[in-house]
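Colleague: I have not looked at this model before. Could you take me through it, one question at a time?

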Amino acid sequence: MTTKDDTGPASLPQIGRLTLREVWTCLQKGVVDFRRAPIFGLFFSAVYVVGGFVLLWIGAGHVTWTLATALGFPLAAPFAAVGLYEVSRRLEADLPLVWRDVLGVVWAERGRQIPWMGAIIVFYFLFWTFLAHMIFALFMGLSAITNISTDLSILWTAAGLRMIAAEVVVGAALAFLLFSLTVVSLPLLLEREVDFVTAMILSVQVVMQNLWVMLVWAAVIAALTLLALVPWFLGLVVALPVLGHATWHIYRRALYDPR
């Protein structure tokens with residue numbers, strides 16, 4: 001295992017070549033990590049579930065808000081996954097899993113680069129919710145004055161279906177862009193002393209050099225997360241810890257230390 005250092009850009013890892021088989025392997029390792037430390041996974045996933053209920057409450061009675069927050073909620077997941085990355089890092093290095101130490105590492109990140117990533121993710125989420133409202137207004141026009149919280153039939157009109165399609169396409173594009181910026185940058189920032197801009201650039205380079213594999217991994221994340229959202233966010237209790245742990249293993253295969 002590599003440790004945090006401050007030797008600057010010279011210490012940056014090299015980009016490796018991923019295969020589709022490794023997606024399945026990392027997903028399996030995510031399941032193993034969750035089973036080895038379920039209490040930690042359940043604790044960190046509880047943050048997502050509670051956050052989901054809060055977002056649903058904010059959008060209660062407004063289908064547009066609910067649609068925007070449901071699609072945008074997974075965008076905020078990578079930042080809170082730092083705790084899961086730390087658990088996987090400790091399991092990998094055979095370090096003891098002590099609550100004080102794990103939470104201490106997460107707390108210590110407040111003075112490093114990860115809060116900047118958190119700010120970017122929050123801004124991204126707010127931008128998406130605003131854009132979702134704009135798309136709704138552009139496609140629905142005057143029909144937007146209809147109380148769609150009690151009459152969903154308007155969504156099944158030609159304009160409503162076009163609006164839903166636009167929301168999905170734009171949301172997927174924005175989600176993949178954020179995925180590209182964070183898929184390895186967050187675990188990298190946890191492990192090494194690297195500035196967040198360099199980490200994001202390296203993360204995008206990893207995605208570009210392993211595009212098809214990363215597209216598959218992004219699709220796996222999206223599919224499992226959306227399925228987990230269906231039963232009142234409760235599926236996230238299992239899905240997100242597994243995906244968080246698996247992302248750590250994707251990171252370990254995507255970047256390697258040449259030394």
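This is a predicted model: local features need pLDDT of at least 70, side-chain atom pairs count only at pLDDT 80 or more; totals for chains, interfaces and linings use all residues.

Colleague: In which helix does glycine 104 lie, and what distance separates its C-alpha atom from that of glycine 83?

Modeller: Glycine 104 lies in helix α6. Glycine 83 is 21 residues apart from glycine 104 along the chain. The separation of their C-alpha atoms is 9.8 Å.

Colleague: How many helices and strands does the protein chain have?

Modeller: Helices (H or I, at least four residues) and strands (E, at least two) are DSSP runs, numbered from the N terminus. Along the sequence the pattern reads β-α-α-α-α-α-α-α-α-α-α-α-α-β. The count is 12 helices and 2 strands.

Colleague: How are α7 and α8 oriented to each other?

Modeller: Helix α7 covers residues 114–140 and helix α8 residues 158–182, and their axes are 9 Å apart. Axes are lines fitted to C-alpha atoms, for helices over the stretch in contact, and angles run from 0 to 180 degrees between N-to-C directions. The packing angle is about 165 degrees. Angles over 145 degrees count as roughly antiparallel, so α7 and α8 are roughly antiparallel.

Colleague: Which residue classes make up the contact of α7 with α8?

Modeller: Ala, Val, Leu, Ile, Met, Phe, Trp, Tyr, Cys and Pro count as nonpolar, Asp, Glu, Lys and Arg as charged, and the others, Gly among them, as polar. By these classes, the contact has 19 nonpolar, 3 polar and 2 charged residues.

Colleague: How many aromatic pairs does a search of the whole structure find?

Modeller: Rings of Phe, Tyr and Trp (its six-membered ring) pair if their centres lie within 6.5 Å; planes under 30 degrees apart count as stacked, over 60 as edge-to-face and the rest as tilted. The search of the whole structure finds 6.

Colleague: What kind of aromatic pair do tryptophan 116 and phenylalanine 196 form?

Modeller: Their ring centres are 5.8 Å apart, with 5 degrees between the planes, and the pair is stacked. The pair links distant parts of the chain, 80 residues apart, with tryptophan 116 in helix α7 and phenylalanine 196 in helix α10. Tryptophan 116 is exposed at 51%, whereas phenylalanine 196 is buried at 18%. The kind asked for is stacked.

Colleague: Where is aspartate 94 found?

Modeller: Most residues other than glycine have a negative phi. Phi of aspartate 94 is near 55 degrees, a positive value. Aspartate 94 is exposed, with a relative accessible area of 68%. Its place is the loop between α5 and α6.

Methods
Residues are numbered from 1 along each chain as its sequence is written. Side-chain values use heavy atoms; hydrogens and water are left out. Angles under 35 degrees count as roughly parallel, over 145 as roughly antiparallel, 65 to 115 as roughly perpendicular and the rest as oblique. Buried means under 20% relative accessible area, exposed over 50%, partly exposed in between (1.4 Å probe, protein chains only).
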